[in-house]
Amino acid sequence: MSGSSQMTDFLEVRELLTDEERMVQAQARQFVNERVLPVIERHAQDQTFPSALIRPMGELGFLGPTLPARYGCAGLSSAAYGLLMYELERGDSALRSFASVQGSLVMYPIFAYGSEAQKDHWLPLLASGEAIGCFGLTEPDFGSNPSGMRTRAVREGSRWRLNGSKMWITNGSVADVAVVWARTDDGIRGFLVEKGTPGFTAPEMKGKWSLRASVTSELVLDDVLVEEERSLLPGVKGLKGPLGCLNQARFGIAWGVLGAAEACYQCALDHARSRVQFDRPIAGFQLTQEKLAWMVTELAKGQLLALHVARRKDAGTVTPAQISMAKMNNVSVAREICARARTILGASGILGEYPIMRHMANLESVYTYEGTHEMHTLVIGEAVTGISAFRG
Ligand code: TGC
Ligand code: FAD
């Protein structure tokens, strides 16, 4: 499988990017074409993550790229981060998920809420890919409503005792450090729980038909004792801690899914030009052109939406509801672009030789994680009406 060297960019959105952003995108595109596309179908079939790519991603600055250079990060703009996510997800949502979790859900909370010692220890290791992180918020009985979480942390002198379980955790079994959110007498707090801590296990969840190339795990905390200084994130209390991290990751997803959509759109366009039925390329039929025109229009609108949110994010003016709109809209259109692309390939569209079914299946997870489509709809609904509809 090969990928084109040029991004699909009908509206010339590239004109709105800086030279540095264009360079980051081109470098990531080359990486995905050369290192990801040749191996990803095999990994998806085998349900394995391409872990040989972790250190190269670190070396190229793909992990936590917006964080400052003093922690070994690249200090890039939000748009550059988004373009990285776009290119990684053009390869596979598993790669973008890995980078989202590492950068937005593990490095970001350590950077934003951690002590100087925690930052100095973990951020360079996570930026280089020497260490892997995961983020434990969801529980078996609390997905869309994390405020009900049962995982509990109780202070015992200079230590905390953690009990509970988390579910559906990306990178869980391979992580060196888990950011675990737990209820305390003082509200919800974040803890860094290191691999190998007695009582802490992370069994992998197998049998997924989506995100097959991503590691998904449970986290089990059975009387886990951690030192406060090393483990507790001192800088935040309450649900706004994990939700603040989700803003970062949801933003990256709004960009990333367009990469998956581009892969499917390009595949459908190439096929439509070469596949002949009724003595002419199927690209010449009006019904095919309507599908392609719709796909490229939604892709371009998604790119503009993501870029506008990126600029507002760097200006410090973006609202969580605007990020919800970008995540909700772009995942939804990406899912539909992939589905329409599949129809253009006819029967061939179901083959693993083409990336479409893999992306379609992946986007089912992306539609649900980081806040379901419905949750983001309700966030926007609350922003425009002033009435929260979450609790009936
Ligand atoms: P609510 O009462 O609205 O808010 C509680 C506190 O949080 C603050 N807040 C936010 N802060 C920062 N960013 C946001 N987006 C925020 N939204 C709310 C809020 O101001 C309040 O602060 P304070 O100081 O007043 O206490 O909370 P709620 O319980 O009503 O919940 C609201 C709701 C439903 C939107 C929220 O629970 C939600 O977003 N649910 C969805 C859960 C979710 O997204 N889970 C994702 C798990 S991680 C994951 O999926 C990773 S996938 C990784 C990968 O592989 O890529
Ligand atoms: P539920 O919350 O049970 O929702 C089921 C359905 O009910 C959805 O359609 C939902 O929109 C709807 N619904 C719920 N409440 C309402 C309401 N008030 N109004 C209208 N509709 C409602 N979590 C982590 O913490 N860390 C991770 O790294 C992580 N990685 C993941 C990786 C994968 C592959 C997947 C699939 C999930 C991952 N998750 C992770 C979990 C993910 O965030 C949750 O699945 C998601 O938040 C939804 O929770 P749920 O699956 O329990 O669905």
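Mentor: Let us begin with a term: a polar contact is a pair of N or O atoms within 3.5 Å. The model before us is a predicted one.

Trainee: Which atoms of Leu137 and Glu374 lie by an oxygen atom of ligand 2?

Mentor: For Leu137, a backbone N or O atom lies 3.0 Å from an oxygen atom of the ligand. For Glu374, an N or O atom in the side chain is 2.8 Å from an oxygen atom of the ligand.

Trainee: How many residues surround ligand 2, and which are the closest?

Mentor: Ligand 2 is surrounded by 18 residues, and the closest are Thr138, Ser144, Trp168, Thr372 and Glu374.

Trainee: Which residues come nearest to ligand 1?

Mentor: Thr170, Asn247, Arg250, Gly371 and Arg391 come nearest, out of 28 residues around ligand 1.

Trainee: How do you know that Arg96, Ser144 and Asn247 make polar contacts with ligand 1?

Mentor: An N or O atom in the side chain of Arg96 is 3.2 Å from an oxygen atom of ligand 1. A backbone N or O atom of Ser144 lies 2.9 Å from a nitrogen atom of ligand 1, and a polar side-chain atom of Asn247 lies 2.8 Å from a nitrogen atom of ligand 1. Each distance is within 3.5 Å, so each pair is a polar contact.

Trainee: Let us turn to the helices. Why are α8 and α11 called roughly antiparallel?

Mentor: The axes of α8 (residues 240-274) and α11 (residues 356-368) come within 10 Å and cross at roughly 155°. Angles over 145 degrees count as roughly antiparallel, and α8 and α11 are therefore described in that way. Their crossing is left-handed.

Trainee: Which residues of α8 and α11 meet?

Mentor: From α8 come Ile253, Val257, Ala260, Ala263, Cys264 and Cys267, and from α11 come Ile356, His359, Leu363 and Val366. By class, this contact has nine nonpolar residues, one polar and no charged.

Trainee: What makes α9 roughly antiparallel to α10?

Mentor: Helix α9 (residues 286-315) packs against helix α10 (residues 320-344) at an angle of about 160°, and their axes are 10 Å apart. That angle is over 145 degrees, so α9 is roughly antiparallel to α10. The contact of α9 with α10 divides into 14 nonpolar, six polar and six charged residues. The crossing of α9 and α10 is left-handed.

Trainee: Why is the term roughly antiparallel used for α10 and α11?

Mentor: The axes of α10 and α11 come within 9 Å and cross at roughly 155°. As that angle is over 145 degrees, α10 and α11 are therefore roughly antiparallel to each other. Here too α10 passes α11 in a left-handed crossing. Among the residues making the contact are Val331, Ala334 and Cys338 of α10 and Met360 and Leu363 of α11. The classes of this contact are 11 nonpolar, two polar and four charged residues.

Conventions
Residues are numbered from 1 along each chain as its sequence is written. Chains are lettered from A and ligands numbered from 1 in the order in which they are written. This is a predicted model: local features need pLDDT of at least 70, side-chain atom pairs count only at pLDDT 80 or more; totals for chains, interfaces and linings use all residues. Side-chain values use heavy atoms; hydrogens and water are left out. Axes are lines fitted to C-alpha atoms, for helices over the stretch in contact, and angles run from 0 to 180 degrees between N-to-C directions. Helices (H or I, at least four residues) and strands (E, at least two) are DSSP runs, numbered from the N terminus. Angles under 35 degrees count as roughly parallel, over 145 as roughly antiparallel, 65 to 115 as roughly perpendicular and the rest as oblique. A crossing is left-handed if the near helix is turned anticlockwise from the far one by less than a right angle, and right-handed if clockwise. Contact means heavy atoms within 4.5 Å. Ala, Val, Leu, Ile, Met, Phe, Trp, Tyr, Cys and Pro count as nonpolar, Asp, Glu, Lys and Arg as charged, and the others, Gly among them, as polar. A residue is near a molecule or strand if one of its heavy atoms lies within 4 Å of it. A polar contact is a pair of N or O atoms within 3.5 Å; within protein, one must be able to donate a hydrogen and the other to accept it, and residues adjacent in sequence count only if both atoms are side-chain atoms.
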